[in-house]
Amino acid sequence: MARLGLWHFPPLMLLLLLLGLFLDAAAAAGKGKKWGGDGGGLRFRREGGTFKVLQVADMHYADGRSTGCEDVLPEQVAGCSDLNTTAFLYRVLRAEDPDLVVFTGDNIYGADSTDAAKSMDAAIAPAIAMNIPWAAVLGNHDQEGTLSREGVMRHLVGMKKTLSRFNPEGVEIDGFGNYNLEVGGVEGTQLANKSVLNLYFLDSGDRSTVWWIPGYGWIKASQQAWFKQTSLSLQKNYRNEEPRQKEPAPALAYFHIPLPEFSSFTASDFTGVKQESISSPSINSGFFTTMVEAGDVKAAFIGHDHVNDFCGKLTGIQLCYAGGLGYHAYGKAGWSRRARVVSVQLEKTVSGEWQGVKSIKTWKRLDDEHLTTIDSEVLWNRGSNGRRRKDHDRS
């Protein structure tokens, strides 16, 4: 059984460790990491031709040190709190140095939070302190405290370093936090001013708003109409504006609640683990089909079910859980909290110029003694029809 990170530290030492991590973050903030410009100025790195996203799911943050942990081993209970969540997030941010952090809902546990705004500030603080662009969507617990669902999203949009958006302007749409971000090619190359990677963020709701339909919410028709129009526009621009491209730019989608299609897999056709049932809506609103028909989304990433962390491919789209990161969230004692990393790689010409996206790879980081990397795999390769391949390198 892997040792869970930071458990061997008494509370005072944990506080000192967090202070050290914060000071490191403050130093990193002075580096002026990729920021500014239209839409947040996201672009691929010249060195390596990569763009890396860290997905953080289900922190369930509440009141910090006074909020205890759920589902940990008996010897780990004393001194365990939201601060363990913060410490893990700092550790993985330092190790991975992502270009973007995506918080995929249940960022706070509103019911246990004294002040929802302060809890959200504390939950997101490591990304802000390290000057890393971040974006967020809502889960089903964020609004259960002192802020409404709309209020939580407005707070997120007003925070420092955020790329989160409330909703598309001039569009009648359900939910809060439906938006897209564009990632430009490497500066100085032909694709520097084109979005070579598109990111979609959607509000998957909390509970059903239709009284005779039980269970969780779903992605509504108005959201799907916005997604289809946005995808169509992005693909048209990528293909028709100079320099013209033959194929659409790949895209990733982020939301909280799993689609019913996440139940399509068995242990033989996914990478990772399924340790609880798929808590999807009781009806299928058709968003998976909408993504398939659009043709640009190569992978969709969610949270919600904390002890599932698998990826499986269905009709050309990888459906991926992150696994829960937060210590105040339910989990499984002895099963490390975790975060998912996605690394997108550009193609390089013989002359050495970076082109469009070549591949999309993922792995997970565990909050154990060594911040272990597991389940590294290629989710998509250009020209290979997305053929799925495991990469057994655990380094």
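This is a predicted model: local features need pLDDT of at least 70, side-chain atom pairs count only at pLDDT 80 or more; totals for chains, interfaces and linings use all residues.
Me: How should I read the link between Cys 69 and Cys 80, and which hand does the disulfide have?

Reply: The sulfur atoms of Cys 69 and Cys 80 lie 1.8 Å apart, and the torsion about their S-S bond is about -85°, so the disulfide is left-handed. Both cysteines sit in the loop between strand S1 (50–56) and helix H2 (82–96), so the pair ties together parts that are eleven residues apart in sequence. Both Cys 69 and Cys 80 are buried.

Me: What is the hand of the link of Cys 311 and Cys 320?

Reply: That link is right-handed, with 120° about the S-S bond, and the sulfur atoms of Cys 311 and Cys 320 are 2.0 Å apart. Cys 311 is buried, as is Cys 320.

Me: Turning to the aromatic residues, how many aromatic pairs does a search of the whole structure find?

Reply: A pair of aromatic rings is described by the distance of the centres and the angle of the planes. The search of the whole structure finds 14 aromatic pairs. One of them joins Tyr 200 and Phe 227, whose ring centres are 4.7 Å apart and whose planes meet at 70°, so the pair is edge-to-face, planes over 60 degrees apart being counted that way.

Me: Which parts does the pair of Tyr 200 and Phe 227 tie together, and is Tyr 200 buried or exposed?

Reply: Tyr 200 belongs to strand S5 (residues 195–201) and Phe 227 to helix H5 (residues 221–240), so the pair ties together parts that are 27 residues apart in sequence. Tyr 200 counts as buried because its relative accessibility is 0%, and Phe 227 is likewise buried, with a relative accessible area of 0%. Trp 211 and Trp 212 also form an edge-to-face pair, with 5.6 Å from centre to centre and 85° between the planes, but both of these tryptophans are exposed.

Me: Which residues do ring pairs link into a cluster?

Reply: The cluster linked by ring pairs consists of Phe 262, Phe 265, Phe 270, Phe 310 and Tyr 321.

Me: Where does the charged end of Arg 154 sit?

Reply: The charged end of Arg 154 sits over the ring of Phe 166, at 3.9 Å from the ring centre. In another case of a charge over a ring, Lys 220 lies over the face of Trp 218, 5.5 Å from the ring centre.

Me: Which are the buried residues of helix H4, and what covers them?

Reply: An α-helix has 3.6 residues a turn, so residues three or four places apart point the same way. In helix H4 (residues 149–157), the buried residues are Arg 149, Gly 151, Val 152, Met 153 and Leu 156. The elements that cover the buried residues of H4 include helix H3 (116–129), strand S3 (134–137) and strand S4 (179–184).

How values were computed: Residues are numbered from 1 along each chain as its sequence is written. Side-chain values use heavy atoms; hydrogens and water are left out. Rings of Phe, Tyr and Trp (its six-membered ring) pair if their centres lie within 6.5 Å; planes under 30 degrees apart count as stacked, over 60 as edge-to-face and the rest as tilted. Helices (H or I, at least four residues) and strands (E, at least two) are DSSP runs, numbered from the N terminus. Buried means under 20% relative accessible area, exposed over 50%, partly exposed in between (1.4 Å probe, protein chains only). A charge sits over a ring if NZ of Lys or CZ of Arg is within 6 Å of the ring centre and within 35 degrees of the ring normal. Contact means heavy atoms within 4.5 Å. A disulfide is a pair of cysteine sulfur atoms within 2.5 Å.
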